[in-house]
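The sequence and structure are shown first.

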Amino acid sequence: SATAADASTSAASAAAIPEAVCLEELQPLVAFTRPATASVQRFAPPPRLPHGLRAYYPLDAASLVAVKALRLQPEHTVLDMCAAPGGKSLAIAQLLSDEGTLVCNDISPDRRRRLTQVLRDYLPSRRVQHCVSVTGLDAAAMARRHPSHFDRVLLDAPCSTERHVMQRDDEMLAWTARRTTTNADRQLQLLLSALRVVKAGGQVVYSTCSISPVENDEVVDKALAKSRSSVRVVPASELSHPFGEATRHGWHVLPDQSPQGWGPLYIAVLERASTVGGGAGDGERSEDDDDSDEDSESGSGSEKE
């Protein structure tokens, strides 16, 4: 299954998908603020509209749950910390006004090029020039350059992506238990950095497409322990998730329990109350930290939307 959302206020909404690519039984997803439409069939490659932008962006509807959890205001300053390939960035951009700002970060040059192309394909050039920027900082550099800067941070962290493991033989052969623990260590450093760049009173949405508690609630456990009383988990009861189930700290959308097999996607919402303890990045460094903050592979990982 797939979900198409309109990619900008000037592009066609999902409800206005060109007739040539319309699918049977399109279902509006009314739980989301911006137009989104689901189909049991795969969406065709999105065509370009007369003004040059793509008509819609296909993605798993669970991805929009993470964006919804940000509870954005139009004027917010937002960081998408591991943004490529850009589907969630597009959804965020739809919810910001010209007074809002979106920083789309990814440390991989290849993924960053793809991210930049997605933004150009779906957002008006004026919007990209004035409201959206693309950076390539690692976690330590982000914390040094932008301490206490953002109203909201989305950390869609690199993870084990067990759905790919279950669907692809090559991924199954490459999988080891150590991959999960290694990812969890990296995810913790990214989450601690995210908590340092968000403002007091701001919120971080931590998300993965893993089904492992080691990469989900247990990462949040460790972040809370290191941050002590300066961070709280926003209870799921304070949020309005359209589908999924509660975990100890967050929310999980699982394919066998969601409409049309969406997910997996885990999210937890953390709110910063005051200064977060510990050094920036807790050891997360770029390839040559004395000369450049960009292009470290310390936060690279799985394919996301």
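Rings of Phe, Tyr and Trp (its six-membered ring) are taken as a pair if their centres lie within 6.5 Å; planes under 30 degrees apart count as stacked, over 60 as edge-to-face and the rest as tilted. By this rule, the structure has three aromatic pairs, and two of them are described in the table below.

| Pair | Centre distance | Plane angle | Class |
|---|---|---|---|
| Tyrosine 57 and tyrosine 122 | 5.4 Å | 70 degrees | edge-to-face |
| Phenylalanine 243 and tryptophan 262 | 5.1 Å | 40 degrees | tilted |

The tyrosine pair joins distant parts of the chain, with tyrosine 57 in strand β4 (residues 57–59) and tyrosine 122 in helix α3 (residues 109–122), 65 residues apart. Helices (H or I, at least four residues) and strands (E, at least two) are DSSP runs, numbered from the N terminus. Tyrosine 57 and tyrosine 122 are both buried; buried means under 20% relative accessible area, exposed over 50%, and partly exposed in between (1.4 Å probe, protein chains only). The other pair also links distant parts of the chain: phenylalanine 243 lies in the loop between β10 (231–233) and β11 (245–246), and tryptophan 262 in the loop between β12 (251–253) and β13 (265–272), 19 residues apart. Phenylalanine 243 and tryptophan 262 are likewise buried.

The model is predicted: local features need pLDDT of at least 70 and side-chain atom pairs count only at pLDDT 80 or more, whereas totals for chains, interfaces and linings use all residues. Residues are numbered from 1 along each chain as its sequence is written, and side-chain values use heavy atoms, with hydrogens and water left out.

Turning to the cysteines, the structure holds zero disulfides (pairs of cysteine sulfur atoms within 2.5 Å). For cysteine 159, the nearest cysteine sulfur is that of cysteine 209, 3.1 Å away. Cysteine 159 is buried, with a relative accessible area of 6%. Cysteine 209 is also buried, at a relative accessible area of 19%.

Of the 305 residues, 56% are buried.
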